[in-house]
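I opened my notebook to look up a few places in this structure. Here are my entries, in the order I made them.

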Amino acid sequence: MILIFSAFDRELTPFRRKLVDRKPIAIAGLHGIRGRLGDTWIATVSTGIGRDRAWESARCALDAFPDARIVISSGVAGGLSHGLAPGDLVVADRLILDGEGDHAADQIIAIDVELVRRAGQILHGAGLRFVTGAILTASRVLADSAAKHAAKDQSGAIAVDMESAAVGLEVARRGLPFLCVRAVLDALDDEVVGAHLADAHGRVKPLAATAFLIRNPGSALKLPRMMGNLGRATRALASALEALAGNLPTTDHGGTNK
């Protein structure tokens, strides 16, 4: 069985549509679905934004699914490297958990070299383009170019999210194989429009969004592009996760994953 984490349901919606025998995860403290891709059982868990929620969800899910053989942290990410564009795939070879607000490397989580190499072979064989490098798990949204450039310079990471290192730490504590595969939502010099409007689960309150657009009418022109970028990123993730789930070595025996 493969256990896949993302911050929001929407990040994995195109992938989840590929699963059969889908059903909600009926476990207190967890939000997600489980289903089957070919002979492989998969559980997808939405953690909400931030490393505290990610760690708690990882702890709960790993307790609930002791038959998980591989864990993947996935979802969208911000690009911190020139040349990374929306929809590009990033496979982490290490994760950096930043210090509170200064992007100094607080903890570095190494990812097994052979598993990263195998994932790369699978993605290449599926005709998917990707880059490999460090992903920074930040303590806050890096919503503008200045913040992303500062994070890039201080961490050396090529992409940024807010959950993966927290998941990785819990998985490492349990000694399970772990991968981090993200798709770029915003490029290095892109602004993340209205990032502060989403709640912990990615939901945007209509009244808050309306008030924001009234105060910032120019932002309305940027929203269609951002939604297009989200579509490209989630479709790329679906292709990557489908390829990985079908080719990574797992041994499914049923049990709690069904």
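**Entry: Asp21**

In which strand does Asp21 lie? I found Asp21 in strand E2, residues 20–24. I noted that I am reading a predicted model. I looked up the backbone next. The phi of Asp21 is positive, near 55°, and this residue is not a glycine. Then I checked accessibility. Asp21 has a relative accessible area of 43%, so I wrote it down as partly exposed.

**Entry: Ser73**

I moved on to strand E5, residues 70–73, where Ser73 sits. Is Ser73 buried or exposed? Its relative accessibility is 1%, and buried means under 20%, so Ser73 is buried.

I asked what lies around Ser73. Beyond its neighbours within four places in sequence, Ser73 is in contact with Phe5, Ser164, Phe178, Leu179, Cys180, Val181 and Arg182. One of these contacts I looked at in detail: the side chains of Ser73 and Ser164 make a polar contact of 2.7 Å.

**Entry: cysteines**

Cys180 came up among the contacts of Ser73, and I followed it. Cys180 has 0% relative accessibility, so it counts as buried. I looked up Cys60 too. Cys60 is at 15% relative accessibility and therefore also goes down as buried. How many disulfides does the whole structure hold? My search of it found 0 disulfides.

**Entry: Ile109**

I went to strand E8, residues 105–110, to find Ile109. Ile109 is buried, because its relative accessibility is 6%. Leaving out neighbours within four places in sequence, I listed its contacts as Arg94, Leu95, Ala165, Gly168 and Leu169.

**Entry: helix H3**

I checked the length of H3, residues 113–125. At 1.5 Å a residue, its 13 residues should span 18 Å, and the end C-alpha atoms are 18 Å apart, so the two agree.

Which residues of H3 are buried? I noted Leu115, Val116, Ala119, Gly120, Ile122 and Leu123. Down the helix axis, the buried residues of H3 fall within an arc of 165°, so they line one face. The spacing made me recall a rule. An α-helix has 3.6 residues a turn, so residues three or four places apart point the same way. On the face of H3 turned away from the buried side, I found the exposed residues Val113, His124 and Gly125.

I then looked at the ends of H3. Asp112 caps the N-terminal end, with a side-chain oxygen 3.2 Å from the backbone nitrogen of Glu114. Just after H3, Gly127 has a positive phi of about 75°.

**Entry: helix H4**

My last stop was H4, residues 145–155. Its buried residues are Ala147, Lys148, Ala151 and Ser155. The face turned away from the buried side of H4 carries exposed Ala146 and Asp153.

What covers the buried residues of H4? I found that the cover includes strands E6 (76–79), E7 (89–98), E9 (130–137) and E11 (178–186). After H4 comes Gly156, and I noted its positive phi, near 80°.

Terms used. Residues are numbered from 1 along each chain as its sequence is written. This is a predicted model: local features need pLDDT of at least 70, side-chain atom pairs count only at pLDDT 80 or more; totals for chains, interfaces and linings use all residues. Side-chain values use heavy atoms; hydrogens and water are left out. Buried means under 20% relative accessible area, exposed over 50%, partly exposed in between (1.4 Å probe, protein chains only). Helices (H or I, at least four residues) and strands (E, at least two) are DSSP runs, numbered from the N terminus. Contact means heavy atoms within 4.5 Å. A polar contact is a pair of N or O atoms within 3.5 Å; within protein, one must be able to donate a hydrogen and the other to accept it, and residues adjacent in sequence count only if both atoms are side-chain atoms. The expected span of a helix is 1.5 Å times one less than its number of residues. The arc is that of the directions from the helix axis to the C-beta atoms. A disulfide is a pair of cysteine sulfur atoms within 2.5 Å.
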